[in-house]
Amino acid sequence: MFKKIVWSLLLFTGVLLNAQSTGINFQKIDLEAAKKIAAKENKLIFIDLYTTWCGPCKLMAKNTFTDPQIGEMFNKNFVNLAIDAEKEGVKLAKEFKVVNYPSFLFLDPQGKLVQYDFGYYNPEQFLEVGASVVRKKMSQPSKTIEQVKGKMIGDKIENFNAKDHLGNTFSLSKENKKLVVVFIRGQWCPFCNKYIETLQNLAPELKSKNARLVIISPEKPEFIEKTINKTKTEYTVLYDEGYKIAEAFDVLYTPDSETLNFYNSKLKDDFAKSRSDNSGRLPVSATFILNGDKEITWRHFDPDYKNRASIEDILKNLE
């Protein structure tokens, strides 16, 4: 009798676990947390924006979101959220001008809209909706180093937020000083480390010119710690999670396959595991000066990572 009870419990647990593994896994997190996961895992974001009184919303939840094929595809390619448009989703519905329910928002890791759909879809139809979004993502070509041009003098940089290795948040909109923005490739780059050491000579001059220098790295905080230890820098080094800052300055590119293979074979984890995804993308080692209105007043942009902005040029253009 005892064996039968144990067997029944095991069978029930197996059925329950199997049931939980099918269909879309909607995570109970907010959009900001979803962005971080999407950037880290190189996924898109899917939001089911529903209301409690909407019949088609309930049918989607019952018939479509529970489908195993839908679950497999969406859990692999998306960070999935189900948000009540009349509660925590009010701001979201207003931002995207949603008037139909259910509405489906497909966003990139920065929260920008990739595709919008609404209404009831059966599993087969919705599988194609999701597949079309994935195809869009895959069809977006990464820039080569020849195609990256960098933002120009007079261009204004939109606000961005980023954290340093200690978890302190830097917000561009809150800065009222002139900014010297320096992009590096990572702690594995000897040219970057040498340049950061050289930049220390700027520190006394920056204060007199009401300016601040920040270093932008594509590497995670634990690797930024290595940059700081190697260079002894006292400047703020920010983790460019999801490459959003590099994209804002148009300095982000994907190295050619030969270069990527070289980096992956020689640098190993220092390259493969240091950044927010496995794309191999890197920033051009550029330098920009921004005024108080966040407009670029000077730049040094050279695709050759060996060539960096001189101390003299930075100081001259901070006048």
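Here, "buried" means under 20% relative accessible area, "exposed" means over 50%, and "partly exposed" is in between, using a 1.4 Å probe and protein chains only. The views come from a predicted model, where local features need pLDDT of at least 70, side-chain atom pairs count only at pLDDT 80 or more, and totals for chains, interfaces and linings use all residues. Residues are numbered from 1 along each chain as its sequence is written, and side-chain values use heavy atoms, with hydrogens and water left out.

**View 1. C54 and C57 form a disulfide.** A disulfide here is a pair of cysteine sulfur atoms within 2.5 Å, and this pair sits 2.3 Å apart. Searching the whole structure turns up one disulfide. The torsion about the S-S bond of C54 and C57 is about 90°, so the disulfide is right-handed. Both C54 and C57 are buried.

View 2. Strands are DSSP runs (E, at least two residues), numbered from the N terminus, and two of them pair if DSSP finds at least two bridges between them.

**View 3. Strand 7 pairs with strand 8 in the parallel sense.** Strand 7 covers residues 178–183, strand 8 covers residues 211–217, and six bridges join the pair. Look for L179, which stands opposite R212 in strand 8.

Key
Helix = DSSP H or I, 4+ residues; strand = E, 2+ residues; numbered from the N terminus.
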